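Work through the exercises below with the sequence and the 3D structure at hand. Each task is followed by a solution in steps.

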Amino acid sequence: MKLRARRRSRRVAHELGVSLVEVLVVLGVLGVLMALAAPSLFRTRDAARSVVSLANLRDTGVSFELYTQANAGRYPFLPAGAWMHVTPPDEQPEPGLQTSDPWALSFAWPVVMHSVAPWREHYALWVEAWQNPRDGEPWFTEDRGTLWPIYSYSRSFLASPRVWGGESAGPVSADDISGTHVGDVAHPSDKVILFHRNPGASAGGAGGEPARPILFADGAAVRRFDRDARLPAQNRLRDQPPALFHDTPDGVRGRDF
C-alpha cells in the first residue's frame with residue numbers, strides 16, 4: 001500500500017513537471033506559514049469577541065440607566081419571595097419562579113427588566129453563542145432550560161454599604177437587604193455594576209489570564225485584569241467567602257479598582 005502511494009505521488013509530480021522533493025518543500029513552507037499565521041488569527045478572533053462583548057455591556061448599561069430613571073433612581077432590586085417572570089410576560093401571564101434567596105438577582109436580573117429592555121429585543125445581548133441559546137428564544141437553552149445571562153450583577157447593589165463595612169459599621173440584619181440608589185454610589189467610575197462571569201470562555205480559552213469585560217456604574221465598559229482589582233470584603237449576611245466585584249469593601253460606596 002505504501003509503495004503504491006509513493007508511486008502515485010511520483011506520477012502526479014511527474015505530470016505536473018515538478019519533483020517529489022519540490023512538492024514536499026512547498027507543503028513544508030505552507031505548513032510553516034500557517035503556523036506563523038495561526039496566533040494572529042486567534043488574536044483577531046479574540047479581539048472581535050472582545051469588541052462584541054463590550055458593545056453588549058454598553059447597551060446593557062443603557063438599559064440599567066433606563067431602569068433607574070423609571071424607578072426614582074433605584075437600581076434593580078427584587079425582595080426575597082417575589083415571583084419572577086422567566087419568559088416574556090405576554091407569553092406567561094402568571095409569574096413562573098419564586099426564590100427565597102435575597103441575592104438571586106445577581107444572576108436573575110433580567111426578570112425585572114421586561115419593561116425597559118424587552119427580552120425579544122435584548123436578551124441575545126446578554127448571552128453568548130457557546131452557551132447554546134435557543135434560536136428565537138435566547139432565554140432558553142436548546143433543551144428549554146432557563147439560560148441566565150453571562151453578565152453578573154454585583155450583589156453590592158442589593159444591600160446597604162454597611163453589610164461590607166466590617167464590625168465597626170455596626171450590626172446588620174436582613175433589613176439591610178434593600179435596593180440602592182444612584183446617589184449611594186460614591187465612585188461610579190470605579191464601582192463595577194456588571195461583569196463577565198467567565199472571561200476565559202469569552203476569549204476563546206486563550207492561554208494566560210484573560211482580561212474581564214466589566215461595566216462600571218458610570219456606564220463605561222472596559223476589559224480589566226482581576227489581579228488589578230481591590231480585594232473583596234466579607235458580606236456579613238452570607239457565610240460564603242467574599243467574591244470579587246460582588247463583595248466590594250463598603251459596598252456601593254467603595255471602589256473595585
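**Exercise 1.** Find the residue of β8 that P213 stands opposite.

Solution. P213 stands opposite R223 in β8. The model is predicted, so local features need pLDDT of at least 70 and side-chain atom pairs count only at pLDDT 80 or more, while totals for chains, interfaces and linings use all residues. Residues are numbered from 1 along each chain as its sequence is written, and side-chain values use heavy atoms, with hydrogens and water left out.

**Exercise 2.** Which strands are joined to β7 by bridges, and in what direction do they run?

Step 1. Strands here are DSSP runs of E with at least two residues, helices are runs of H or I with at least four, and both are numbered from the N terminus. Two strands pair if DSSP finds at least two bridges between them.

Step 2. Four bridges link β7 to strand β8, residues 221-224, and the two run antiparallel. They form a hairpin with four residues between them. In its turn, G219 has a positive phi of about 95 degrees.

Step 3. Strand β6, residues 192-196, is joined to β7 by three bridges, again antiparallel. V192 stands opposite F216 in β7.

**Exercise 3.** Are the faces of β7 buried or exposed?

Step 1. Buried means under 20% relative accessible area, exposed over 50%, and partly exposed in between (1.4 Å probe, protein chains only).

Step 2. In a regular strand, side chains alternate between the two faces of the sheet.

Step 3. R212, I214 and F216 lie on one side of β7, P213 and L215 on the other, and all are buried. Five of the five residues in β7 (212-216) are therefore counted as buried under the cut-off above. Across the chain, buried residues make up 39% of the 257 residues.

**Exercise 4.** State how many helices and strands the chain has, and their order.

Solution. The chain has five helices and eight strands. Along the sequence they follow the pattern α-α-β-β-α-α-β-β-β-β-α-β-β.

**Exercise 5.** Which residues line the largest cavity?

Step 1. On a 1 Å grid over the protein atoms alone, a cavity is a set of points where a 1.4 Å probe fits but cannot get out; lining residues have an atom within 4 Å of a point.

Step 2. The lining consists of L78, P79, A80, A82, M84, T99, D101, P102, A104 and L105.

Step 3. Eight of these are nonpolar, one is polar and one is charged. Ala, Val, Leu, Ile, Met, Phe, Trp, Tyr, Cys and Pro count as nonpolar, Asp, Glu, Lys and Arg as charged, and the others, Gly among them, as polar.

How values were computed:
On a 1 Å grid over the protein atoms alone, a cavity is a set of points where a 1.4 Å probe fits but cannot get out, and a pocket is an open set with protein on both sides within 12 Å along at least five of seven lines; lining residues have an atom within 4 Å of a point.
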